[in-house]
Amino acid sequence: MIEFIITLFSDHTLRIVALGAITIGITAGSLGAFAVLRQQSLLGDAIAHATLPGVCLAFLITQSKSSLILLIGAALAGWIGTLFLMLITRNTRIKKDAALGIILSVFFGFGLVLLTIVQKLPTATKAGLNKFLFGNAATLLQEDLTIIATLSAVVLMTLLLLWKEVKVCVFDEGFAKSIGIKITFVDILLTTLIVIAIVIGLQTVGVVLMSAMLVAPAAAARQWTDNLSVMVLLSAAFGALSGLSGAITSSLVSNLPTGPTIVIFLSTLVVISLCFAPRRGIMWDIIRYNKSRKQIQTTTMLKNLLLFSEINTNDPFHPHDIAALDAIGRGAIDQTMQELKNKGWAQQFKDKRWALTPVGLKEARSLTEEYEKGLITEN
Amino acid sequence: MTKQTELSAISINDLTVAYNEKPVLWDIDFHAPQGVLLAIVGPNGAGKSTLIKSILGLVKPAAGQILVFDNDYRPQSRLIGYVPQKNSVDWDFPTSVLDVVMMGCYGELGWFKRPSHKERELAINCLEKVGMKEFMNRQISQLSGGQQQRVFIARAFMQDAPIYLMDEPFAGVDAATEKSIIALLRELKDKGKTVICVHHDLQTLKEYFDWVMLLNVRRLALGPVNEVLTAQNLKKAYGGKAGFLAGMNTEEK
Amino acid sequence: MLTTQFEIMLLASLTAVTCALPGVFLILRRVALMSDAISHAILLGIVLAFFITKNLSSPLLIVGATLVGILTVSLTELIIRTHKLKKDAAIGLVFPLLFSIGVVLINKYTGDVHIDADCVLFGELAFAPFNRLYINDIDLGPQGIWVISAALMLNITFIFFFYKELKLSTFDAGLAAALGFFPGLIHYALMTLVSITAVSAFESVGSILVVALMIAPPAGAYLLTNRLSHMIFISAGIGIISAIGGYGMAYAFNANIAGSMATISGVIFILILFFAPERGILANMVVRKWHKWDFAASTLTVHLLQAEIEDADYTEHIVSHMIRHMKWTPEYTSEVIAQCIQEEFIEKHGSKLVLTPYGREKANLSLVKN
């Protein structure tokens, strides 16, 4: 493993790929946390798709494949897509989901038109704009890394400086406005930061799947913590981890596009988080559910034992046949009886007959009392 | 127009607000004296929340003038503490009770600055006032409806403003919490603050508030509770629907 | 024997109509983005079915794709139901994963076969006429046309027979449930239709155009009409225009056909967005301006009416009141007065503004109305 890391950072190309993917992961992860909390997970998808015509137009106009120019084109197109989105949702009865779908598909379709035009140009063979579809980490150059790192630094610094404003706007917009925070400004700023975070990842992850880079780390991180700062940090870490693993894997294995590989790593993290994150994970839900069901079963059985004895005889320790108990119990009779025995509340006689112990009797009495008291207060 | 002997806390002239060209508030005049506990009452869709939001500048009026202490109000001047409707936020947001209360000082802090130890102490203080100190590190999704409301009120306390606007502070709150919230509001009033609440329950109106504004798109009545709460006024606000309520209220007199 | 060009246009138009039909309901049910999710995710189904059959034209591919489409919907809903994530995030997580697995499988294991990841996105409409259906050596035309026609028939049949149920469960799911119409079942049936439509259109137009054709034409139609039945026909019409216009554009620029169709559908949508007679942005602006005038006129007449009641000579005060309290500028105030005089709400008697009977009626009307 250590050896692998050493080779990783001694190989020039791999080092750039690794650093690039980590940076993209951190930036997309941090901004994604806000996209998810604002319930705008799919905005990223629309913006990412909308950048394609920008990339192609930038190339067609400048004939340059410098990544800075292509990124500027992408960012502008992404921004125009967002503006259209606002234009549609604010002025018509068309809802957000439909507006997002239109932006996403129409911009991308237009991008494909331009892409096919670009590919027929004589200069195009080396432009390699195809990598913008599914991403190719191996094409990252030193120059690209510099741009990515600089933009990331700007994005993260801005976020840090305006942390408190962004936080209150995302949580409670009305209140934020009432205390004099310019929510339109914060909204535009946050959207711009998200656009930048998307744009710097395009070459590596591709327009089709870039949105997952925003949503998945944040969705995973949300499961582990109830603290915004921790969530953003975790999200950044998850983004970096999956970005790194995906980019390296796709660089080392032939015929493996980077975007989909990263998404598979990301999704694994999400599934693990959804299932096993402490407290919030689904596994704990199941454990909690079983525990409470078990408790209900044992206490019901305990009360039933007492009830039976009181009805049939005056002896509270009278043993009862397990079949009779099973008939009025709530399933899983053997486990329940075992549990009662372990607690010392019931004892087993021959012929599968069971009876209360003195401790069990006391417990059953207090439970019944509690239950009756509950009935009285409810009325 | 009524004579104004002293400075009104909030004074509104000819306010009209329209959503999609449909007036929600029409030609409202409203003068809230200082140091009262005032309820805005009216049927659903009467524009109660909209009135509060226009005062805060959250909604842009189509016409009219809103003055706070005789000046144009800008949120930056921090004269108003605001308690929004409880269900206007996502309570699954990853943040703690203390964090939400601290947001009350964000306006005062201004851009870039972070809350410090001093603000933290202040926030804990505010939580103590509403009886939520032991919940300060709880995640907000683990609170009951009443506790959520108290957190919002603590946040408004943190703003330490001379006027408080509260949008349905008693919605989804149990009876005990309702009593303790009203006690807190009285305390504010006794300190000379003006508290204006959107309120739903006509039955508790007299007990809780000393001033009331009846609203149904147009202003129907404004004044001390005993003067305003007549069968005739209620009928104007609620139509035939509230006949029984009107009956109840006049009976008390 | 049809010409190749005509065959392409026919296929494109049929695809457009087939997509528009379920699209109308997606828009109205506010689940438009499920088309995005499904059209991407079905790739996995196609690939998996291909691994089993080793045959790209097997009908099993459609079955596989449809199953994965439904899987996408149910997985998304399952995640939403755990309350761990919101709806948008759940959608944004499920389909990228399924799509990614599909793309990776294509790239790793079908390198030499005729599917590649790019064509998944934009299809190969131009080649569709060369993939022909032969029965007993008789040329029955492009296979794509038969596939999409079958999907179209299915969509039409479903909408025809379940129109009432679809309509009710779209506008009032609660009532539909109460009347025993199983809105959940209708929802899944619709999602199945979307999956079948997507996979039938997939090979020729690719996943993105499926999204464009399912959303853009119905969204445009939504701005043109209030009636569901009209919306269905208008969507289909817009779809056909996009298809034919898109082909023309692709032909002119020698560009990708699916992309061009998406572009044209976008252009049509933008035209409708701005120029739709009642709900377009321009119409809205006109209406809004008229409302502003109307409101100003009402305000002025109401104030004059009150002045009449209180004190006959109030004109000066009213004008300054408007400026001071309504925050009207002096210019705007005189504009409003001029307009009101022109509309004969008020008359000028010397320096005095007086309500006409018509103006008095207007004032009373706006008092009553509000």
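## Strands E3 and E8 of chain B

In this predicted model, strand E3 (residues 37–41) and strand E8 (residues 194–199) of chain B run parallel and are joined by five bridges. One of the residues involved is Val41(B), whose bridge partner in E8(B) is His199(B).

## The sheet around them

Strands E3 and E8 belong to an open sheet of six strands in chain B, arranged in the order E6-E7-E8-E3-E9-E10. The pairing within this sheet is mixed. Strand E6 (80–83) and strand E10 (218–224) of chain B each have a single partner strand, so they stand at the edges and one side of each is left without a neighbour in the sheet. From one strand to the next, the twist averages 15°.

Helix H5 (residues 145–159) of chain B lies across E6 and strand E7 (163–166) of the chain. Relative to E6(B), helix H5 runs at about 170°.

## Contact between chains A and B

Chain B contributes 20 residues to its contact with chain A, and chain A likewise contributes 20 residues. On the side of chain B that touches chain A, the elements giving two or more residues are E6 and helix H3 (106–109) of chain B. Edge strand E6 of chain B is thus one of the elements listed for this contact. By class, this side of chain B has 13 nonpolar residues, six polar residues and one charged residue.

## Confidence of the prediction

For the complex, the predictor gives an ipTM of 0.88 and a pTM of 0.86. Chain C has a mean pLDDT of 84, with 90% of its residues reaching 70 or more.

Definitions and conventions
Residues numbered from 1 in each chain as written. Chains lettered and ligands numbered in written order. Predicted model: local features only at pLDDT ≥ 70, side-chain atom pairs only at ≥ 80, totals over all residues. Pairing = 2+ DSSP bridges. Helix = DSSP H or I, 4+ residues; strand = E, 2+ residues; numbered from the N terminus. Axes fitted to C-alpha atoms, helices over the stretch in contact; angles between N-to-C directions. Contact = placed C-beta atoms within 7 Å. pLDDT = per-residue confidence, 0-100. Nonpolar A, V, L, I, M, F, W, Y, C, P; charged D, E, K, R; others polar.
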